[in-house]
Amino acid sequence: MIFLSLQSSSKCVSVSLHSQEVLLNYKRTNIIKKKQSESLMTLLENLFSEVKIKHIDKIYISRGPGSYTSLRALMSIAKGISLAFNAKIETITTFEAFIPNNSKKCEYILIFFKENRPEFHFQIFKVFPVPFDLGRVRH
């Protein structure tokens with residue numbers, strides 16, 4: 001199965017493409033000089049020019065927290081890609097995206113991040129048992 005993940009809830013924008021647990025390609029911006037949706041489209045163009053794929057099974061996107069406008073743009077981009085590849089869209093919180101790589105190391109995880117605006121978001125998770133399986137990613 002081929003998975004595409006899109007994220008634009010924080011100061012950086014990122015896209016990644018996976019085949020099962022293998023990372024095929026990853027792109028991100030460190031500093032956004034234009035709108036997040038434009039940065040995301042540039043990253044997707046670069047990703048798809050480097051990795052030739054014929055199908056995508058699932059698209060994972062962040063549903064927040066984050067800027068409502070950027071999350072809405074993210075969903076629109078995901079829907080367009082979904083129509084082109086007949087892929088299903090799955091949403092996760094930005095917090096949940098951090099759990100898989102850290103869930104075996106401790107019982108509780110505090111996830112804390114800064115958004116584009118002068119706002120901070122945090123959530124504490126008790127990770128045993130993990131309530132969902134996003135899979136493990138090998139780099």
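Predicted model: local features only at pLDDT ≥ 70, side-chain atom pairs only at ≥ 80, totals over all residues.

## Overall make-up

The protein has 139 residues, of which 40% count as buried. Its secondary structure comes to 3 helices and 7 strands. Along the sequence these elements follow the pattern β-β-β-α-β-α-β-α-β-β. Among contacts with a separation of 6 or more, 56% are between residues 24 or more positions apart. The accessible surface of the protein is about 8,600 Å², and carbon and sulfur atoms account for 56% of that surface.

## Salt bridges

Side chains of opposite charge can pair when their charged atoms come close. The structure holds 2 salt bridges, and Glu-90 takes part in one of them, with Lys-58 as its partner. The table gives the distance for each pair.

| Pair | Distance, N to O |
|---|---|
| Lys-27 and Glu-50 | 2.8 Å |
| Lys-58 and Glu-90 | 3.5 Å |

In the salt bridge between Lys-58 and Glu-90, Lys-58 lies in strand β4 (residues 58-62) and Glu-90 in strand β5 (residues 88-92), so the pair ties together parts that are 32 residues apart in sequence. Lys-58 counts as partly exposed, with a relative accessibility of 21%.

The salt bridge between Lys-27 and Glu-50 links distant parts of the chain, 23 residues apart: Lys-27 belongs to strand β3 (residues 22-28) and Glu-50 to helix α1 (residues 36-50). Lys-27 is buried, at a relative accessible area of 19%, because buried means under 20%. Glu-50 is partly exposed, at 48%, because exposed would require over 50%.

## Helix α1

Helix α1 has 15 residues. From its first C-alpha to its last it reaches 21 Å, close to the 21 Å expected at 1.5 Å a residue. Which residues of α1 are buried? They are Gln-36, Ser-39, Leu-40, Leu-43, Leu-44 and Leu-47. Seen down the axis of α1, these buried residues fall within an arc of 135°, so they line one face of the helix. An α-helix has 3.6 residues a turn, so residues three or four places apart point the same way. The buried residues of α1 pack against strands β1 (2-7), β2 (14-19) and β3, and against helix α2 (68-85).

## Strand β1

Ile-2 is buried, with a relative accessible area of 11%. Leaving aside neighbours within four places in sequence, Ile-2 is in contact with Leu-17, His-18, Ser-19, Leu-24, His-55, Ile-56, Asp-57 and Lys-58. One of these contacts, Lys-58, is also the salt-bridge partner of Glu-90. Between Ile-2 and Ile-53 the C-alpha to C-alpha distance is 8.7 Å, although 51 residues separate them in sequence.

Gln-7 also counts as buried, at 16% relative accessibility. With neighbours within four places in sequence left aside, the contacts of Gln-7 are Cys-12, Val-13, Ser-14, Ser-62 and Leu-74.

Which residues make the nonpolar surface patch of about 730 Å²? The patch is made by Tyr-108, Leu-110, Phe-112, Phe-120, Phe-122 and Ile-124. Strands β6 (108-114) and β7 (120-126) each supply at least two of its residues.

Leu-110, one of the patch residues, is found in strand β6. Why does Leu-110 count as exposed? Its relative accessible area is 55%, and exposed means over 50%, so Leu-110 falls in that class. Not counting residues up to four places away in sequence, Leu-110 touches Phe-122, Gln-123 and Ile-124. Leu-110 and Phe-122 are 12 residues apart in sequence, and their C-alpha atoms are 7.0 Å apart in space.

Note on methods
Residues numbered from 1 in each chain as written. Heavy atoms only, no water. Salt bridge = Lys/Arg side-chain N within 4 Å of Asp/Glu carboxyl O. Helix = DSSP H or I, 4+ residues; strand = E, 2+ residues; numbered from the N terminus. Buried < 20%, exposed > 50% of the residue type's maximum accessible area, 1.4 Å probe, protein only. Patch = residues over 30% accessible without salt bridge, like charges linked within 9 Å, V, L, I, M, F, W, Y side chains within 5 Å. Areas by Shrake-Rupley, 256 points an atom, 1.4 Å probe, with all protein chains shown as cover. Expected span 1.5 Å × (residues − 1). Arc of directions from axis to C-beta. Contact = heavy atoms within 4.5 Å.
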